[in-house]
Amino acid sequence: MSHLKPSHADNRRQFIAKSLGTLALGLPLASQAQSSYPDRPITFICPWPAGGTADVTMRALCSAAAKQLGQSVVVENKAGAAGMLGAKALASAKPDGYTVGQIPISVTRFSQLGTVALDPLKDLSYLARTSGQTFGIVVHSDAPWKSLKELVAAAKAKPGELTYGSAGVAGATHVGMEEFALAAGVQLNHIPYKGGAPALQDLLGGQLNALADSTSWAPYVKAGKLRLLATWGEKRTQDFPEAPTLKELGYNVVVDAPNGVGAPKGLEPAIEKRLREAFRQAAASVEFATACDRIDAPLMYLDGPDYARYVSEVYRRETQLIERLKLKELLAKG
């Protein structure tokens, strides 16, 4: 009978080994996929035209992130509707980690205005806030206003007569300019355009009194064709240190419209963690910093969870702003 004991022990060991093997084979396929992620190129949706300031910085960011992920990150431009076409495409993509993209912070406003059918608090995963933009108020170099104080005085003398151009109704530059007008106690005549470029051309051509835009005006200011009256950030910019901020001039208005990177809601936790780390390192890279320096864009990094909280705060502020500026009524008028 003693010869049976080793047999029973062997059978028990074989049973345990087979059971463990079966368990291993039964692990969720998602876990196996996570361990090999990414195993193919990742698509990055940029909601702006190729060659623009946002596109240039996002391409540098993607190049740096690709080095961390070991796969190429291919930029796909889906421009239109003030960045909302790209935002909608991102939210609608499969949440498998192979589609990521830039999230314009204005999605918090446009979603509430009904111009894009998505909920930024429920339909997107936030991976990293990366950088902001430099906005400013510029006039032609031949204009009589040498300072913002002089422009405000002229606007008070002729309510509703001074014109300014922006990239469109309810965009960051329009909203920022209207906030400034409220703070300054002036009424300006807003001329909306389909983008900053045509508005800039009309300012250069003398069809506008002023322009509110990001740094599309920078080379013309440096060439002496335009005059920068104020910038809209928390502090003066590196390229235009002589230009005061709205805040230091006494107007409590700060607009920097931070760019961020996100994905569709529903990422596997391990994949989300991998992407967060890759874009954290990319945002800290020399490559990305150099691209941002070229357009005077401030670095404004936040990790995913902090970025999500920031978006929620902006969403609440936008709710109040929409009411105060009557943006729904303005949008209805076009």
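Predicted model: local features only at pLDDT ≥ 70, side-chain atom pairs only at ≥ 80, totals over all residues.
Start with the six-stranded sheet. Its strands line up as β2-β1-β3-β10-β4-β11, and the sheet is open, with mixed pairing. The edges are taken by β2 (73-77) and β11 (299-303), each of which pairs on one side only. Going from one strand to the next, the twist averages 30°. Strands in a sheet pair through backbone hydrogen bonds, and they can do so parallel or antiparallel.

Strand β10 (residues 259-264) is a handy place to look at the pairing in detail. With β3 (residues 99-104), β10 pairs in the antiparallel sense over 4 bridges, and Ile-103 stands opposite Gly-260 there. With β4 (residues 124-131), β10 is again antiparallel, this time over 6 bridges; Ala-128 has Val-261 as its bridge partner. As for cover, 6 of the 6 residues of β10 are buried. Helix α12 lies across β3, β4, β10 and β11, and it runs at about 95° to β4.

The other sheet has 5 strands in the order β7-β6-β8-β5-β9; it is open too, and its pairing is mixed. Here β7 (189-192) and β9 (226-231) sit at the edges with a single partner strand each, so one side of each has no neighbour in the sheet. The twist averages 30° from one strand to the next. Inside this sheet, β6 (residues 163-166) and β8 (residues 210-213) run parallel and are joined by 2 bridges, and Gly-165 stands opposite Leu-211. Helix α8 lies across β5 (136-140), β6, β8 and β9, at about 155° to β8.

In soluble globular proteins, nonpolar side chains tend to be buried together. The largest core in this model has 53 residues, and the ones with the most contacts inside it are Ile-137, Leu-148, Met-177, Phe-180, Leu-188, Trp-232 and Leu-246. Helix α12 (residues 304-325) gives the most to this core, with 7 residues. Leaving aside residues up to four places away in sequence, Leu-188 touches Ala-155, Leu-162, Tyr-164, Met-177 and Ala-181. There is also a second, separate core of 29 residues, and among its members are Ile-42, Val-75, Tyr-98 and Val-261. Val-261 has already come up as the bridge partner of Ala-128.

What about empty space? Rolling a probe the size of a water molecule over the atoms shows where such space is left. Searching the whole structure turns up 1 cavity of 30 Å³ or more. The largest cavity holds about 80 Å³ of space. Its lining includes Thr-53, Ala-54 and Thr-57, along with Ser-131, Gly-132, Gln-133 and Thr-134. Ser-214, Thr-215, Asn-259, Ile-295 and Ala-297 also line the cavity. Helix α3 (residues 53-69) supplies the largest share of that lining, 3 residues.

The largest pocket holds about 910 Å³ of space. It is lined by 40 residues, and Trp-48, Ala-167, Gly-195, Gly-196 and Asp-213 are those that lie nearest its centre.

Most peptide bonds are trans, and most residues other than glycine have a negative phi. The bond from Tyr-37 to Pro-38 is cis, with omega near -10°, and Pro-38 is found in the loop between α2 (29-36) and β1 (42-46). Ala-81 has a positive phi, near 55°, without being a glycine; this residue lies in the loop between β2 and α4 (84-92). Lys-326 is not a glycine either, yet its phi is positive at about 55°. Lys-326 lies in the loop between α12 and α13 (327-333). Is Lys-326 buried, partly exposed or exposed? Its relative accessibility is 48%, so Lys-326 counts as partly exposed, given that exposed means over 50% and buried under 20%.

How values were computed:
Residues numbered from 1 in each chain as written. Heavy atoms only, no water. Core = buried A, V, L, I, M, F, W, Y, C linked by side-chain atoms within 4.5 Å. Buried < 20%, exposed > 50% of the residue type's maximum accessible area, 1.4 Å probe, protein only. Contact = heavy atoms within 4.5 Å. Pairing = 2+ DSSP bridges. Axes fitted to C-alpha atoms, helices over the stretch in contact; angles between N-to-C directions. 1 Å grid on protein atoms, 1.4 Å probe; cavity = no way out; pocket = protein on both sides within 12 Å on 5 of 7 lines; lining within 4 Å. Points joined across faces, edges and corners; volume = space filled by probe spheres on them.
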